[in-house]
Amino acid sequence: MVNTIISVQDLVKNYGSFEAVKGISFAVYEGEIFGLLGPNGAGKSTTLEIIETLRTKTSGSVMVNGFDLDNEPHEIKKIIGVQLQTSGFYPNLNLVQLIHLFAGLYNREIDAMALLDSVNLRDKAKAKVKELSGGQKQRFSIATTLINDPKIIFLDEPTTGLDPQARRNLWDLIRDIRSKGTTVIITTHYMDEAEYLCDRVAIVDSGKIVALNSPDGLIDELVATGFERPKEVKQANLEDVFITLTGKSLREN
Ligand code: ADP
Ligand code: MG
């Protein structure tokens, strides 16, 4: 049986006279990886940040784990993990110090080394964020979402700009987090990523949801319309070549 953990109804966000989110509705099920896909400017980050209580909405309703965003935003904050931009971390603190700082904000005791272990950054405990590679920075920012032991984490384009090895490594980490029961909402432009990671995806375009289903379901729907690829698909793609030649193991990550 599926349990709805986030319910968004007729959500609208206007920036002045510009309608960025035009009345979208969707539900996220407990324990799934739910993807918001869409081109730049579609309204993905706006939607996430409203649910995260970081932005105000124009109208509509949002329920998270039974809490109404309008009445109990503080209850919502307690049970979610939000990925911060790594540029926002205090530059002079090392990873362990940053974790303790965040844990303090949540009033929590935390085993910083165990948390760093879980994202494969134990070796970097004494490093500063600026000394990390792109993949390491993303892993650290995902670790910071886990500090308050949240029921739901929000990841906004976590793999943008990473090399193929680092992307795959992050996919494993995200699946790992989900396997422990955490619900994940992720935005991405990468369709291979959505296909690999997401149980269900909503495709957002110009502030509207134009499709919502499992990746397989969406592909089946398209094929049922008579869609065919223009030419025969090759048995491999350039990314397969790259990964075969350079391996899956992480480099500077
Ligand atoms: P996405 O994350 O899908 O790329 P965003 O939610 O960031 O899209 O933005 C949706 C639209 O709203 C874009 O056209 C963007 O320029 C606009 N927008 C986002 N934030 C603001 C803001 N603070 N003020 C005015 N317009 C904004
Ligand atoms: Mg965005």
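The legends below describe close-up views of a predicted model.

**View 1. The shell of residues around ligand 1.**
Ligand 1 is surrounded by Tyr15, Phe18, Ala20, Pro39, Asn40, Gly41, Ala42, Gly43, Lys44, Ser45, Thr46 and Arg55. By class, this shell holds 5 nonpolar, 5 polar and 2 charged residues. Two elements, strand β2 (18-29) and helix α1 (44-51), each contribute at least two residues to the shell. Helix α1 gives the largest share, with 3 residues.

**View 2. Side-chain contacts to ligand 1.**
Lys44, Ser45 and Arg55 each place a polar side-chain atom beside an atom of ligand 1. For Arg55, a polar side-chain atom lies 3.3 Å from a nitrogen atom of ligand 1. Ligand 1 exposes 560 Å² when taken alone, and the protein buries 61% of that area.

**View 3. The largest pocket.**
The volume of the largest pocket is about 460 Å³. Its lining comprises 16 residues, and those closest to the centre are Glu195, Pro215, Leu218, Ile219 and Leu222. Three elements each supply at least two lining residues: α7 (191-197), β9 (200-205) and α8 (215-224). The largest share, 6 residues, belongs to α8. Sorted by class, the lining of this pocket consists of 12 nonpolar and 4 charged residues, with no polar ones.

Helix α9 spans residues 238-246, and Asn237 caps its N-terminal end. In this cap, a side-chain oxygen of Asn237 lies 3.1 Å from the backbone nitrogen of Glu239. After the helix comes Gly247, which has a positive phi, near 80 degrees.

**View 4. Thr145 in helix α5.**
Thr145 belongs to helix α5, which covers residues 134-145. The side chain of Thr145 reaches back to the backbone oxygen of Ile142, at a distance of 2.6 Å. Is Thr145 buried or exposed? Its relative accessible area is 1%, and Thr145 therefore counts as buried, the limit for that class being under 20%.

**View 5. Asp149, a loop residue with positive phi.**
Asp149 is situated in the loop that links α5 to β7 (152-156). Although Asp149 is not a glycine, its phi is positive, at about 50 degrees. Most residues other than glycine have a negative phi. The relative accessibility of Asp149 is 61%, so this residue counts as exposed, a class that begins over 50%.

Glu157 is found in the loop between β7 and α6 (164-179). Glu157 is not a glycine, yet it has a positive phi of about 50 degrees.

Key
Residues are numbered from 1 along each chain as its sequence is written. Chains are lettered from A and ligands numbered from 1 in the order in which they are written. This is a predicted model: local features need pLDDT of at least 70, side-chain atom pairs count only at pLDDT 80 or more; totals for chains, interfaces and linings use all residues. Side-chain values use heavy atoms; hydrogens and water are left out. A residue is near a molecule or strand if one of its heavy atoms lies within 4 Å of it. A polar contact is a pair of N or O atoms within 3.5 Å; within protein, one must be able to donate a hydrogen and the other to accept it, and residues adjacent in sequence count only if both atoms are side-chain atoms. Accessible areas come from the Shrake-Rupley method with a 1.4 Å probe; for residues, only the protein chains shown count as cover. Helices (H or I, at least four residues) and strands (E, at least two) are DSSP runs, numbered from the N terminus. Ala, Val, Leu, Ile, Met, Phe, Trp, Tyr, Cys and Pro count as nonpolar, Asp, Glu, Lys and Arg as charged, and the others, Gly among them, as polar. On a 1 Å grid over the protein atoms alone, a cavity is a set of points where a 1.4 Å probe fits but cannot get out, and a pocket is an open set with protein on both sides within 12 Å along at least five of seven lines; lining residues have an atom within 4 Å of a point. Grid points are joined across faces, edges and corners, and a volume is the space filled by probe spheres set on the points. Buried means under 20% relative accessible area, exposed over 50%, partly exposed in between (1.4 Å probe, protein chains only).
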